[in-house]
Amino acid sequence: MSFMGFILVRVCGKTFPHRHELKNTLGLEYDFRNKDFKGAFPETSQRLVVIEKFCKKNRLSMFVDGEERYNPSEAKKKQGKQTKLTLDEMENLDEFNLSEWLPILEQVADEKDIGKVGVVKWNEPAEIGKGFKEVFIDENTPPIQFNFDSLSENTHFHPLRDIQKQVLGPMMEAVNEGYRNIVLECPTGSGKSALAKTIAQAFGVPSYIVTHLKGLQAQYLKEMPYMKSVMGRGNYDCLLDVEPGCDDVKVAEEALARATDKSPETCTAALAPCKYAKGFKCTKMIPKNEIGQFDYTADSNSMCSYYGALTKAQNAMYFVGNTAYIMAMNKSGKVLPQRPFMIVDEAHQLASNMMSFHSLTVSQRMLEKLFRLPTQQDIQNAKSEKKKEIYRKQREIVLKEFDGKGAYGLPKIKSMTLNTPLSDRKQALQKLGRYLFALKDEIKSKMKEKDAQTKYDKKELGYASNSVMRIEDLLGSIATDWENWVYQVDDNNEYPTWIGFKPLDVSAYADELLLNLGQQRILMSGTILNYDIFGRELGLKPEETAFIKVEYSPFPEKNRPIYTHIKGGKLSRKERGFESFKKCADAIAQIAAKYPEKKGLILPFTDDIETGIVEALRDNHPLVYARIRQHSKIPKERDAVFREFEEEQNNEILISTYANQGFDGKMVGFTVIAKVPFGPLGDIQVKAKAENDPKWYQMMTAVELAQMAGRCVRSESDVGHTYIIDPSFMFHFERGMKNNPLARVLPPYIATSIIKNR
C-alpha cells in the first residue's frame, strides 16, 4: 500500500556486483540492517519500470511495498517450460542495457542524441595508486583498437576527430587502471567538451562537469541539451509569500500553508525561510532520508524552482556546474553526493579559482553598501551645503577608524611585504581578525532589522548575507592556518580604502572544496605546461595520477600563424603612457588594414590598457575606431555583446579582457595580443609565489599567452592570424628573466609557429 503517493521498493539477492548502479544510477540506498537496497518513489514514476528491467537482467529479486514483484527463481521455472521467449522477455532479459536509460526514463527524450552509452564497464578505483604515469601523444601515435565512432554515432560530434580518438584510449586505460587523477593536456580548440561527454558516456556513469566560466557552462548546455545544470539560489524565487530573510518559523509555516505552485516573487531562494528560520521544515525542499542527506529520488515537480532544478541536475547523467557555485555547495555541507567522475574543464584555472573563492577584499565601497551610506558622488551632487554636511557627518560616524564603539572604518595598518617578520604578520592578522569579527556581528544585526525605514531590501539583504558568509569563511581559515595568508592595504592614502586577504597555497583545501566530489577526477586543459607545478598547486598525489599530454596541434600550421614583426608601444606599468598607446594604436591600425572584411579580436590583458588603446584609436585612427566593439562588466550585457559579435556578419573588432580564455573566436580572422601577460607583481600574493617559485610565475605567463593565441582557430577548417605586438616579447621568448625563455615552456606547436613567422 502506498503512503502519500509513494511506494517502497526493495532489491535483494547478489547485489554486491551491481552496488554502484543500484546506488548512483537507480537512486537506491543500501540498508545495512537488511543487507539489501531500498528506495521510495512516486507511484507514477517510470523508474519502477527501469528497476524491474534491471532486476530481470541481473537476476535480482524486487519487492514493491512488501509484495514480490519479481523473483528470478520463479522466472527461471517459467522459462524452462517455454521453447521460445516472447519479444518482451527477450528485450527484458537479453537486450536491456541500463546505461541506455540513464539518468532516468523521464528524461530519455532529451538524450536521444547522446550516442551509445556504457560500452565499457566502470570499476571503483583501487585505494592504492599504481605510480605516476605519463603518456605523450604526437601526430603519429595510433589510437587503441576500439570502435570510437559507435560513441558518436547519431550525434553532432560524429565522427570523432582523430586527436580525440588518440586521447580517449589512454584516458579509458587510466580509468580502468584505477588512477584517481587523470590530467589531460590537449590543444586549445581540439574539442575537450566532446571528450568530457564521451569519456563519461563510454563508462555510463554519472559525472559532474565543472568549468570556471559561465559562458563555457552555457556552451556545454547549448551543444548538449541533455546535460542539466543549476545556478545559485539567488536566481530562483521562493514559493512562500514572506519578506526576504524571514527567520520567524510561525510566519514561514503560515506562508507554507498558503503556498501554491506559483511564486509570489517576494523572496528569492537565497533569502528564503528554509535558509534563515531555524527549525522550519519546508515541504517545497528536497526531502531528507533517515541519515539526513537529500533524497534526490523525490518528485521534483512538488518542489520550488531551485530545489526542483537541483533534483533534475542530480538525476541527470551529466551535472554541469560553475566552479564557484559547485565549491560553495560542496563547502556548505553534504548537499552534493560523490559521483564516479568529476570532470574539470579549463583545469589550469582551478587553483586560481580556489584562491579567489577564499579571498576577500573589504573596501569603503563595501562599507557604504552595508551601512547604506551616502557616497562621495552623493556629496558632490547634493544641492545645498547643509545637505553635503549631513552626508559628511553620516560617513564620518561610520567610516572613521574602527574603535569597537560604533566606527567600522578600515583599521590603519601597513601592507605586509616579503620581509615582514612572522610575529608582525601574526599581530596584524589578529588586529584585522578582531575588526572582521565586529563587522560580521554588526552586519548580522542589521540583517535582523524590522523597521521599514532602516531594514535591508531584497538586493541589500542578499549582499549582506554573502558578505557575512565570506567573512566567516575567511576568519575560520585564518584561525586554522594564519601563516598561509597574506594581506595587502591601499597604501596610497593616509587611511586605507581597501584591505585584501589572499591565501598563498590551496593544495590543502582542494579536496574538500571540489575534488572529493569525484571518485576519479579528470582534469582537462589546453595549457597544463608543467605538471609538477600544476599537481603541487592542487595537492594531487603523483602515485595516484596519470598525465596525458598531446604534443602537437591537429590544425594545419599554415592556418594559425603567429606574427611578431609588427611592434606596438611598451605597456609595462612604468612605461605605458600617451606615446605607448599611440604606437599600439598604429600597430593595430596597420594590422586591421590587412583584414578590411574580417572580424578581429584585441586582447589587452588589463582594463586600463583597453581604455588607453581605445582612446588612442579614437584620436588617431577613427576608421578603425568605428569598427571597435566593447562591453561593460555587467555579465548579461557582456554576454549579449559576445552573442551579437558571433552572429552578426560584419567587420567589427572586439576588444575584451574577458575573452583571453574560453572565448570561441572561430568567426575571427585576426587576433592582436597587446602585451605579454605577466602577473601583477604589485599583488603581494603573486609576488610571494613568484619569489618562492620563479618557474610558477613563468608558467602562469605562458599559460595565459598560449590561451590567448588559441582563440581564433578552433577547428581544422578555421583560419586565424595572431599578432603579438609587445616590443619586449622576443626578449622574453628567446632569453627571459633569469635565463628562463618562454620558448622552453610554451607548447611546441606554438613556439614553432612563432619562430617560423617572426
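A salt bridge here is a side-chain nitrogen of Lys or Arg within 4 Å of a carboxyl oxygen of Asp or Glu. By that rule, the side chains of Glu 472 and Lys 444 form one, with N to O at 3.5 Å. This is a predicted model: local features need pLDDT of at least 70, side-chain atom pairs count only at pLDDT 80 or more, and totals for chains, interfaces and linings use all residues. Residues are numbered from 1 along each chain as its sequence is written, and side-chain values use heavy atoms, with hydrogens and water left out.

**Salt bridges**

- The structure holds 34 salt bridges.
- Glu 472 sits in helix H18 (residues 458–480) and Lys 444 in helix H17 (residues 422–447), so their bridge ties together parts 28 residues apart in sequence.
- Helices (H or I, at least four residues) and strands (E, at least two) are DSSP runs, numbered from the N terminus.
- Glu 472 is partly exposed at 36% relative accessibility, and Lys 444 is partly exposed with a relative accessible area of 36%.
- Buried means under 20% relative accessible area, exposed means over 50%, and partly exposed lies in between (1.4 Å probe, protein chains only).
- Glu 52 and Arg 69 meet through their side chains at 3.6 Å, N to O.
- That pair links helix H2 (residues 47–58), which holds Glu 52, to strand E5 (residues 67–70), which holds Arg 69; the two parts are therefore tied together across 17 residues of sequence.
- Glu 52 is buried at 18% relative accessible area, whereas Arg 69 is partly exposed at 40%.
- Lys 582 and Asp 586 form a salt bridge at 3.2 Å, N to O.
- These two residues are four apart in helix H21 (residues 578–593), so about one helical turn separates Lys 582 from Asp 586.
- Lys 582 is partly exposed at 27% relative accessibility, and Asp 586 is partly exposed at 29%.

**Strand E16**

- Strand E16 covers residues 545–550, and six of its six residues are buried.
- In a regular strand, side chains alternate between the two faces of the sheet.
- One side of E16 carries Thr 545, Phe 547 and Lys 549, and the other carries Ala 546, Ile 548 and Val 550; both faces are covered.
- Two strands pair if DSSP finds at least two bridges between them.
- Strand E6 (residues 133–137) runs parallel to E16, joined by five bridges.
- Within that pairing, Ile 137 has Val 550 as its bridge partner.
- Strand E7 (residues 181–185) also pairs with E16 in the parallel sense, over five bridges.
- Here Asn 181 stands opposite Thr 545.

**Nonpolar cores**

- A nonpolar core is a set of buried Ala, Val, Leu, Ile, Met, Phe, Trp, Tyr and Cys residues joined through side-chain atoms within 4.5 Å.
- The largest core has 99 residues, and Tyr 306, Leu 310, Phe 501, Leu 514 and Leu 523 touch the most other members.
- H17 supplies the largest share of this core, eight residues.
- Leu 310 has contacts (heavy atoms within 4.5 Å) with Val 230, Ile 286, Tyr 296, Phe 319, Tyr 325, Met 329, Val 335 and Leu 336, leaving aside residues up to four places away in sequence.
- A second, separate core has 45 residues, including Val 120, Val 135, Cys 186 and Ile 209.
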